[in-house]
Amino acid sequence: MSLSVAAREEFLAEAHIASLAVEAGEGRGPLTVPVWYDYVPGGDVRFLTDGESVKAKLIAKAGRFSLLVQRGSPTYRYVSVEGPIVLSSPSTLEDLTRISARYLPPDAVTGYVHGSDLHALVTFRMRPERWLSADLGALA
């Protein structure tokens, strides 16, 4: 069963590790990698990565990407979202801290942020355009 707009946005706003997929070129399947991300219902999806990474270069070329988040425990649920890049900019300390805090214990965030090369990071913002979602209920 598909999720309502509110339910799919709420689920995407939870701190799941996402599978990001982006076109990788003719004769190849999409590049698919795990990412940490940030999302507030009604807003853009944000994630950051090394600006020189293959992922960043492919996203810049394609101008769009897809994310899939899922929960494997009952009830099994997923949300997939795809859309265009609306902003690509150097990552800020605020970007890095906000996204890191979604995934790390509070006492680990400062060390992780200070150990990161902020100058190498770029933040991508994607405007969700197409959604797929389902709650398949409890798996037997």
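Figure 1. The structure shown is a predicted model. The protein exposes about 7800 Å², and 56% of this area is supplied by carbon and sulfur atoms. Of its 140 residues, 39% count as buried. Its charged side chains number 14 positive and 16 negative. The centres of these two sets lie 4 Å apart.

**Figure 2. Overall dimensions of the protein.** Taken along the principal axes, the C-alpha atoms fill a box of roughly 45 × 45 × 25 Å. The radius of gyration is 15 Å, which agrees with the value near 14 Å that a compact globule of 140 residues would have.

**Figure 3. Order of helices and strands.** The protein contains four helices and eight strands. Starting at the N terminus, the elements follow the order α-β-β-β-β-α-β-β-α-α-β-β. Among contacts between residues at least 6 apart in sequence, 71% join residues at least 24 apart.

**Figure 4. The largest nonpolar core.** This core has 32 residues. The members that touch the most other members are Leu-12, Leu-20, Tyr-37, Val-45, Phe-47, Phe-65 and Leu-67. Strand β7, residues 121-126, gives the largest share of the core, with four residues.

**Figure 5. Surroundings of Phe-47.** Phe-47 is one of the core residues that touch the most other members. With neighbours within four places in sequence left aside, Phe-47 is in contact with Leu-20, Val-35, Trp-36, Tyr-37, Lys-55, Ile-59, Phe-65, Ile-99, Val-122, Thr-123 and Phe-124. Leu-20, Tyr-37 and Phe-65, which are among these contacts, are also listed with Phe-47 as touching the most other core members.

Notes: Residues are numbered from 1 along each chain as its sequence is written. This is a predicted model: local features need pLDDT of at least 70, side-chain atom pairs count only at pLDDT 80 or more; totals for chains, interfaces and linings use all residues. Side-chain values use heavy atoms; hydrogens and water are left out. A nonpolar core is a set of buried Ala, Val, Leu, Ile, Met, Phe, Trp, Tyr and Cys residues joined through side-chain atoms within 4.5 Å. Buried means under 20% relative accessible area, exposed over 50%, partly exposed in between (1.4 Å probe, protein chains only). Helices (H or I, at least four residues) and strands (E, at least two) are DSSP runs, numbered from the N terminus. Contact means heavy atoms within 4.5 Å. The radius of gyration is taken over C-alpha atoms; the globule rule is 2.2 Å times the number of residues to the power 0.38. Accessible areas come from the Shrake-Rupley method with a 1.4 Å probe; for residues, only the protein chains shown count as cover. Lys and Arg count as positive and Asp and Glu as negative; His and the chain ends are not counted. The place of a charge is taken as NZ of Lys, CZ of Arg, CG of Asp or CD of Glu.
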